[in-house]
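Trainee: Could we go through this model together? I would like to discuss its side chains and its backbone.

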Amino acid sequence: NTIQLKFSDQKLDTIPLVDIVSKLEDVVNQSRPKIVYSHFKEDINKDHQIVFDAMLVATRPMLSYIRSIYAFNTSSSTEWGYPRSFIPDTWIDISEYIDIKLEAMKCYKTEVEEYPHPRSIKALRNKATAAGNQCLMEKAETFMTIRRCIRGNDRL
């Protein structure tokens with residue numbers, strides 16, 4: 001399911017953080033996710049930074065159903081931020097999904113650029129190949145663990 005919170009693009013810094021947290025808490029409490037994916041805190045995009053901060057509050061460890069939180073690498077945002085401290089520790093094989101992912105990306109006409117821009121279709125395919133090669137996969141996406149809570153009978 002997709003839930004739109006209807007905040008204006010590139011204007012999250014005009015909204016009190018508590019208001020963003022409150023809406024995210026509603027979504028988290030309603031959906032009760034086991035795994036949460038978020039933008040990386042050091043992305044150059046200010047909205048990404050704010051979403052990350054709000055997500056950390058909305059997913060506090062007292063929510064025992066949340067097992068893991070991962071940050072993802074956003075092309076032309078994560079590598080352009082500073083400090084460049086995204087250190088992946090998780091690689092997910094997307095070899096059989098890369099074409100579907102790239103077709104979906106083409107729907108974002110205002111986001112896709114011409115090669116060699118990092119958000120070009122060719123560069124995104126190259127990035128997936130490079131990430132995959134790090135773990136002997138054809139194509140992969142990388143993630144960085146933000147929090148992982150293993151409780152009671154949970155398995156690694």
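Trainee: To begin, are F40 and F86 buried or exposed?

Mentor: Please keep in mind that this is a predicted model. F40 is buried, and F86 is buried as well.

Trainee: How many aromatic pairs are there?

Mentor: The count comes to four aromatic pairs. In one of them, the ring centres of F40 and F86 are 5.2 Å apart and the ring planes stand at 90°.

Trainee: Why is that pair called edge-to-face?

Mentor: Planes over 60 degrees apart count as edge-to-face. The planes of F40 and F86 are at 90°, so this pair is edge-to-face.

Trainee: Which parts does the pair tie together?

Mentor: F40 belongs to the loop between β1 (35-38) and α2 (46-58), while F86 belongs to the loop between β2 (68-72) and β3 (90-93). The pair therefore ties together parts that are 46 residues apart in sequence.

Trainee: Which residues do ring pairs link into a cluster?

Mentor: Y37, Y70 and F143 form a cluster linked by ring pairs.

Trainee: And what lies over the face of Y115?

Mentor: That is K122, at 4.3 Å from the ring centre of Y115.

Trainee: Turning to the backbone, which residue does a cis peptide bond join to Y82?

Mentor: The cis bond joins Y82 to P83, with omega about 0°. P83 is in the loop between β2 and β3, and F86 also lies in the loop between those strands.

Trainee: What is omega for the peptide bond from Y115 to P116?

Mentor: That bond is also cis, and its omega is near 20°. P116 sits in the loop between α3 (98-106) and α4 (121-134).

Trainee: Next, phi angles. What is phi for Q10?

Mentor: Q10 has a positive phi of about 60°, although it is not a glycine. Q10 is located in the segment before α1 (17-31).

Trainee: Why does Q10 count as partly exposed?

Mentor: Its relative accessibility is 45%, so Q10 counts as partly exposed. The partly exposed class lies between the buried limit of 20% and the exposed limit of 50%.

Trainee: What about L136: where is it, and what is its phi?

Mentor: L136 is in the loop between α4 and β4 (140-148). L136 is not a glycine, yet its phi is positive, at about 60°.

Trainee: Is L136 buried or exposed?

Mentor: L136 is exposed, because its relative accessible area is 81%.

Technical notes: Residues are numbered from 1 along each chain as its sequence is written. This is a predicted model: local features need pLDDT of at least 70, side-chain atom pairs count only at pLDDT 80 or more; totals for chains, interfaces and linings use all residues. Side-chain values use heavy atoms; hydrogens and water are left out. Rings of Phe, Tyr and Trp (its six-membered ring) pair if their centres lie within 6.5 Å; planes under 30 degrees apart count as stacked, over 60 as edge-to-face and the rest as tilted. Helices (H or I, at least four residues) and strands (E, at least two) are DSSP runs, numbered from the N terminus. Buried means under 20% relative accessible area, exposed over 50%, partly exposed in between (1.4 Å probe, protein chains only). A charge sits over a ring if NZ of Lys or CZ of Arg is within 6 Å of the ring centre and within 35 degrees of the ring normal.
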